[in-house]
Amino acid sequence: MSDLIDKLASSPDGAKLSILTIGDWGQAYENSPDSFVETLIKHKDSFPNLRKIFIGDMGFEECEVSWINQTNLAPLLEAFPELQSLTVKGSQDLSLQPLVHGKLEELVIICGGLPKSVIEEITSARLPELKKLELYLGVDNYGFDGGVEDILPLLNGNLFPKLKYLGLKDSEIQDEIAIAAADAPILDQLDTLDLSYGTLSDEGGKALLASERIKKLKHLNLSYHYMSDDLLLRWKQSGLSVDVTDQQEADEEDWRYPFLTE
């Protein structure tokens, strides 16, 4: 991967590049992206128009999401002050410390379990232009070691003044998050709240449906859920822009699973 970045940097196309997507760098379950991240930083002046980076774009055939090794990507953000979007897949050894950037508008982390340490780095971040924050929270078996109390700072509405899309998704505690989000101050500034891909049941769904603040949203994404037919009918009759597709069924012992874990 480092060799490929070297070649790209020396080609005429490098100066025109606006989007860089990096997939499987070879045995990502053992190898971190450190070496090619250093190479990318070394060539930062060769990519003056780079605005969007995705590190870890790979399917389960190449590497299960929970096995993908990451690293501290804060130096990458520092090297590219004009960057507008960063997407990361995998959370093993992931860090974003310090998370400071003057122009980043979009941050997406796709994983089977997001460590509390990374959530804390995000809640301590300085990202004045951030408009979209999408976090796959996952399950404790694959890295999520926090609780709803760690999510609350993201719901207070005082961290990112320009935020319009908030995704707190793919969570095993989706009901707790939904209840906390139902009357959260952040809803007053959002266009979209995304609580999809998790274990949302009627408990969380009813809290959202009863909220006056939820009605101010342009869109609510609850797709992939465990809500009942009766509650789905109430959502459809609500007149709200809400996605309640992909209904799941819990097993006999009420085990519910998020969309993406291992």
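Two strands count as paired when DSSP finds at least two bridges between them, and the strands and helices themselves are DSSP runs (H or I over at least four residues for helices, E over at least two for strands), numbered from the N terminus. Leu20 stands opposite Ile53 in β2.

Before going further, a word on what you're looking at. This is a predicted model, in which local features need pLDDT of at least 70 and side-chain atom pairs count only at pLDDT 80 or more, while totals for chains, interfaces and linings use all residues. Residues are numbered from 1 along each chain as its sequence is written, and side-chain values use heavy atoms, with hydrogens and water left out.

Now zoom out from that pair. The sheet is open and has 9 strands, in the order β1-β2-β3-β4-β5-β6-β7-β8-β9, with parallel pairing. At its edges sit β1 (19-22) and β9 (242-243), each of which pairs on one side only.

Back on β1, take a look at Ile22, which lies in that strand. Ile22 has 2% relative accessibility and so counts as buried (under 20% relative accessible area is buried, over 50% exposed, and in between partly exposed, using a 1.4 Å probe and protein chains only). Ile22 and Gly56 are 34 residues apart in sequence, yet their C-alpha atoms are 5.9 Å apart in space. Leaving out residues up to four places away in sequence, Ile22 touches Met1, Ile5, Phe36, Phe54, Ile55, Gly56 and Asp57, where contact means heavy atoms within 4.5 Å.

Next, move along the sheet to β4. Strand β3 (residues 85-89) pairs with β4 in the parallel sense over 5 bridges, and Lys89 stands opposite Ile110 in β4. On to the pairing with β5: here β4 is again parallel, over 4 bridges, and Glu106 has Lys132 of β5 as its bridge partner. How many of the residues of strand β4 are buried? It's 5 of the 5 in residues 106-110, so the strand is largely enclosed by the rest of the structure. In a regular strand the side chains alternate between the two faces of the sheet. In β4, Glu106, Val108 and Ile110 point one way and Leu107 and Ile109 the other, and all are buried.

Then there are the helices. Two packed helices are described by the angle between their axes and the distance between the axes. Helix α4 (residues 116-123) packs on α5 at an angle of about 20°, with the axes 10 Å apart; axes here are lines fitted to C-alpha atoms, for helices over the stretch in contact, and angles run from 0 to 180 degrees between N-to-C directions. That is why α4 and α5 are roughly parallel to each other (angles under 35 degrees count as roughly parallel, over 145 as roughly antiparallel, 65 to 115 as roughly perpendicular and the rest as oblique). The contact is made by Lys116, Ile119, Glu120, Ile122 and Thr123 of α4 and by Asp150, Ile151, Pro153 and Leu154 of α5. The buried residues of α4 are Val118, Ile119, Glu121, Ile122 and Thr123, and they pack against β4, β5 and α5. As for α5 (residues 148-155), it lies across β5 (132-138) and β6 (165-171), running at about 165° to β6.

On the α7 side the contact uses Asp202, Gly205, Lys206, Leu208 and Leu209, and on the α8 side Leu231, Arg234 and Trp235.

Finally, some loop details are worth a click. The peptide bond from Gln97 to Pro98 is cis, with omega near 0°, and Pro98 lies in the loop between β3 and β4. Gln27, in the loop between β1 and α2 (34-42), has phi near 50°, a positive value in a residue other than glycine. At 43% relative accessibility, Gln27 counts as partly exposed. Tyr224, found in the loop between β8 (219-221) and α8, has a positive phi too, near 60°, but Tyr224 is buried, with a relative accessible area of 9%.
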